[in-house]
Amino acid sequence: MPPYLKNLAAYVDALRNMRETIIANIVFLGQIPAPTFHEKRRAIKFMDRLLENDVDECTTDGYQNPIGILRGKQSDLPPIVIVAHLDTTFPKDIDHNYTISETTIRGPGILDNSAGVGVLASLPAIFKQLDLTFQSDIILAGVIQSLGRGNQRGMRHLVKTWPTPIRGAICVEGVELGRLSYYSEGMIRCDITCQIIAEKGVEYRFKPNAILVLHELINQILAIPLPQKPRSRIIIGKINGGLKHGMIALDATLGLEIQSDSVKMVKTIFEDIKDMVTGISHEFGVRMKLETLSTVTASRLRYNHPLVKAAGQVMQTLGIDTVGEPSESELSILLSKKIPAVTLGLTHGENYHQPKSQLEIEPMFKGIAQVIGVLQAIDSGVCDE
């Protein structure tokens, strides 16, 4: 049995004894609003927590990502990175007060990704309590500007500017316990806006309705033939527009995402939709704009990569049912730079991305133990190909 599998059950018991510390960090950081582009206050408090837990070094990089460093025994080894994104999808005016019961924590952003941030801030104290040391330096990075229009800017900067090779990495997400993400699909997420503006000298024979114009676009998108290999799909995620019931909608917005195993296919579909937008805008005499919000490059580890196999062994030893699924998180940036990495979920939960999202406390101790086990596996050399 590999050494990193031997003490996992004991870790779970020890983590239960640290329940109050872990929950306190999750709630303290989670109750600080951190919508994308406005993470500064949470980043400062995250660094405060790291300093209180005696990290060897605490700093920010050139993009203001807060970073804690725990020095390893061998300074010549590349570091291991553990990362969680600081931002959430909820604006500042949403009530961020959390409700704690014996079994759950409830509040906006708890699953994506306040739980991950709180656990990341707790790791120095956890390592000390479990008397864990590592050969490599451990980098604890809370990255900013990950979601939506942030387009993983914080993670992109961290990887691009880090001065040394990176031995391996773990991306920590609140849910779902059992996820083992070791690949990312190619993705383009975009908004398409339609505006009805009667310019001087322009007369409409039939005044167009912005919502119906986008409906025509949806019909054309649904007619795009998509291959089963490489797997490809177009997700129409949101549409909004108009002012009131008795008035023709003068503006509307459509949000969609193109996903595929193939970067080439993502780009091909995007160009097709771009041509449709141009054609429909001319046909209806309206203003239409296609704006790219974020992109992900398709990249992966092999299913039999030593890191993937080690993570699977850790989860199996802990009795966690494993589900392989793609990830659009920081994982895609790491893999695209040839850095071995996986994304792990910490616990189970409900109402993901809802103001009343809810996290289950008890499964989280296994979730943290799996992070420690995978970290020890990387430190033992499973990524040193």
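Biologist: How do the residues lining the second largest pocket divide by class?

Modeller: The lining of the second largest pocket has 6 nonpolar, 4 polar and 6 charged residues. Keep in mind that this is a predicted model.

Biologist: Thanks! And how much space lies in the second largest pocket?

Modeller: The second largest pocket holds about 240 Å³. Its lining is made of 16 residues, and those nearest the centre are Leu70, Arg71, Phe127, Leu132 and Thr133.

Biologist: Which element gives the most to that lining?

Modeller: That would be H4, which supplies 3 residues.

Biologist: Let's move on to the largest pocket. What is its volume?

Modeller: The volume of the largest pocket comes to about 1,100 Å³. It is lined by 40 residues, and Leu147, Arg189, Glu257, Glu328 and His353 are the closest to its centre.

Biologist: Which elements give two or more residues to the lining of the largest pocket?

Modeller: There is one helix on the list, H4 (110–129), together with strands E7 (168–175), E10 (186–195), E11 (232–241), E12 (251–260) and E13 (287–296).

Biologist: And by class, what does the lining of the largest pocket have?

Modeller: Here the lining has 14 charged, 15 polar and 11 nonpolar residues.

Biologist: Changing topic: how many residues does helix H7 have?

Modeller: H7 runs over residues 263–284, so to speak end to end, with 22 residues. From its first C-alpha to its last, H7 reaches 32 Å, close to the 32 Å expected at 1.5 Å a residue.

Biologist: Which residues of H7 are buried?

Modeller: Val266, Ile269, Phe270, Ile273, Met276, Val277, Ile280 and Ser281. Looking down the helix axis, these buried residues of H7 fall within an arc of 130 degrees, so they line one face of the helix.

Biologist: What covers the buried residues of H7?

Modeller: The cover includes helix H6 (210–222) and also E10, E11, E12 and E13. On the face turned away from the buried side, H7 carries the exposed residues Lys264, Lys267, Asp275, His282 and Glu283.

Biologist: How far apart are the end C-alpha atoms of H8?

Modeller: They are 16 Å apart, which agrees with the 16 Å that the 12 residues of H8 (306–317) should span at 1.5 Å a residue. The buried residues in H8 are Leu307, Val308, Ala310, Ala311, Gly312, Val314 and Met315.

Biologist: What do the buried residues of H8 pack against?

Modeller: They pack against helices H1 (8–16) and H10 (362–380), and against strands E8 (179–181) and E16 (341–347). After H8 comes Gly319, with a positive phi near 75 degrees.

Biologist: Last topic, the loops. Is Asp87 buried or exposed?

Modeller: Asp87 is buried, because its relative accessible area is 0%, and the cut-off for buried is under 20%. Asp87 sits in the loop between strand E3 (80–85) and strand E4 (99–100).

Biologist: What does Asp87 touch, not counting residues up to four places away in sequence?

Modeller: Asp87 touches Ala34, Pro35, Thr36, Glu39, Asp112, Asn113, Val143, Gln145, Ser146 and Leu147. Leu147 is also one of the residues closest to the centre of the largest pocket.

Biologist: And where is the place of Asp137?

Modeller: Asp137 lies in the loop between H4 and strand E6 (138–143). Asp137 counts as buried too, at 11% relative accessibility.

Biologist: Which residues does Asp137 touch, leaving out those up to four places away in sequence?

Modeller: Asp137 is in contact with Ile69, Leu70, Arg71, Gly72, Pro79 and Ile80. The C-alpha atoms of Asp137 and Pro78 are 7.3 Å apart, although 59 residues separate them along the chain.

Terms used. Residues are numbered from 1 along each chain as its sequence is written. This is a predicted model: local features need pLDDT of at least 70, side-chain atom pairs count only at pLDDT 80 or more; totals for chains, interfaces and linings use all residues. Side-chain values use heavy atoms; hydrogens and water are left out. On a 1 Å grid over the protein atoms alone, a cavity is a set of points where a 1.4 Å probe fits but cannot get out, and a pocket is an open set with protein on both sides within 12 Å along at least five of seven lines; lining residues have an atom within 4 Å of a point. Grid points are joined across faces, edges and corners, and a volume is the space filled by probe spheres set on the points. Helices (H or I, at least four residues) and strands (E, at least two) are DSSP runs, numbered from the N terminus. Ala, Val, Leu, Ile, Met, Phe, Trp, Tyr, Cys and Pro count as nonpolar, Asp, Glu, Lys and Arg as charged, and the others, Gly among them, as polar. The expected span of a helix is 1.5 Å times one less than its number of residues. Buried means under 20% relative accessible area, exposed over 50%, partly exposed in between (1.4 Å probe, protein chains only). The arc is that of the directions from the helix axis to the C-beta atoms. Contact means heavy atoms within 4.5 Å.
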